[in-house]
Amino acid sequence: MEYKEWHDAEGAFHSQRRIYFSAANVNKVMSLHELVKMAADIAVEDYRTRGMSREFLAEHGVAILVSRNSFRIHKMPEENSVIKMSTWEEKPEALQLVRCYRISDLDGNILVSAKSTWIVMDLNGRKIMPTKNFTLRAMPQIQTESDCLKPAKISVDENGFELLDSRKIKFSDIDANGHTTNSRYAAFVEDALGEEFRKKTPRDFRLNYSKEVMLGDELFIYGKTDSENSRLTLVGKTKDFTSFEAELFY
């Protein structure tokens with residue numbers, strides 16, 4: 001089968017692909033970290049095919065970094081299935097770009113809907129750029145409804161959390177930007193889950209990035225279960241700062 005990639009008349013970017021064995025977990029469905037990786041990759045590819053590669057952005061003094069992800073999982077894509085993933089930009093917030101995603105099977109049934117927010121980093125001043133100043137492309141004005149949770153702040157209090165896992169950041173965690181690639185944080189979440197949660201696919205998964213961890217950092221993952229709301233909250237910390245927060249609903 002020939003897998004296609006294209007932009008439609010409204011500007012959305014579509015990509016067909018197969019879920020290969022290496023992208024599936026022990027439950028024979030796509031893993032959470034592969035889902036996060038796929039979302040990041042198609043966003044980068046959308047920009048690249050519109051003439052805004054990472055190199056082009058860097059030459060113009062900016063980098064675009066994912067800040068928050070929210071996924072509503074209707075049915076996780078299965079091993080060896082063929083899917084269509086679609087993405088488009090929406091009207092930005094003052095300090096964050098907004099991007100939507102939809103994964104469907106080839107019959108058009110929605111498997112995953114998602115939304116993410118991204119910051120535009122001024123590489124010269126090393127500070128966040130207001131989105132109105134990001135003028136390398138026409139600012140999108142579209143706003144659509146999505147059934148996923150809003151990519152927003154995850155409320156975390158310090159009571160009731162227990163240490164679930166710890167790990168040292170290794171060379172294979174680091175990407176071309178020199179810090180831990182965003183999909184690895186979802187792998188850290190997966191590895192910290194207890195057996196009862198590893199056998200389940202969450203209905204909703206939110207992942208927020210606070211501060212990147214670097215090569216050699218030691219990361220401690222804490223978790224708290226809210227049985228009443230079928231929610232699991234995880235926080236990743238070093239000895240000096242909070243790196244990420246995640247929330248899973250079952």
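This note sets out points on cysteines, one threonine and salt bridges in a predicted model.

1. Basis of the values. The model is predicted, so local features need pLDDT of at least 70, side-chain atom pairs count only at pLDDT 80 or more, and totals for chains, interfaces and linings use all residues. Residues are numbered from 1 along each chain as its sequence is written, and side-chain values use heavy atoms, with hydrogens and water left out.

2. Disulfides. A disulfide is taken here as a pair of cysteine sulfur atoms within 2.5 Å. By this rule the model has zero disulfides. For Cys100, the closest cysteine sulfur belongs to Cys148 and lies 6.8 Å away, which is too far for a bond. Cys148 is likewise in no disulfide.

3. Relative accessible area is judged with a 1.4 Å probe on protein chains only: buried means under 20%, exposed over 50%, and partly exposed in between. Cys100 is buried, at 1%, and Cys148 also counts as buried, at 10%.

4. Thr144. This residue is found in the loop between β7 (127-129) and β8 (162-168); helices (H or I, at least four residues) and strands (E, at least two) are DSSP runs numbered from the N terminus. Thr144 is partly exposed, with a relative accessible area of 31%. Leaving aside residues up to four places away in sequence, Thr144 touches Trp88, Glu90, Cys100 and Lys115, a contact being heavy atoms within 4.5 Å. With Glu90 there is also a polar contact between side chains, at 2.5 Å. A polar contact is a pair of N or O atoms within 3.5 Å; within protein, one must be able to donate a hydrogen and the other to accept it, and residues adjacent in sequence count only if both atoms are side-chain atoms.

5. Salt bridges across the chain. The structure holds 16 salt bridges, each a side-chain nitrogen of Lys or Arg within 4 Å of a carboxyl oxygen of Asp or Glu. In one of them, Glu89 pairs with Arg50, with the closest N and O atoms 3.2 Å apart. The two residues are 39 apart in the chain, Glu89 in strand β4 (residues 82-90) and Arg50 in the loop between α1 (32-49) and α2 (54-59). Glu89 is buried, at 10%, whereas Arg50 is partly exposed, at 35%.

6. Asp204 and Arg203 meet through their side chains in a salt bridge (2.9 Å, N to O). Asp204 is buried, at 0% relative accessibility, while Arg203 is partly exposed, at 38%.
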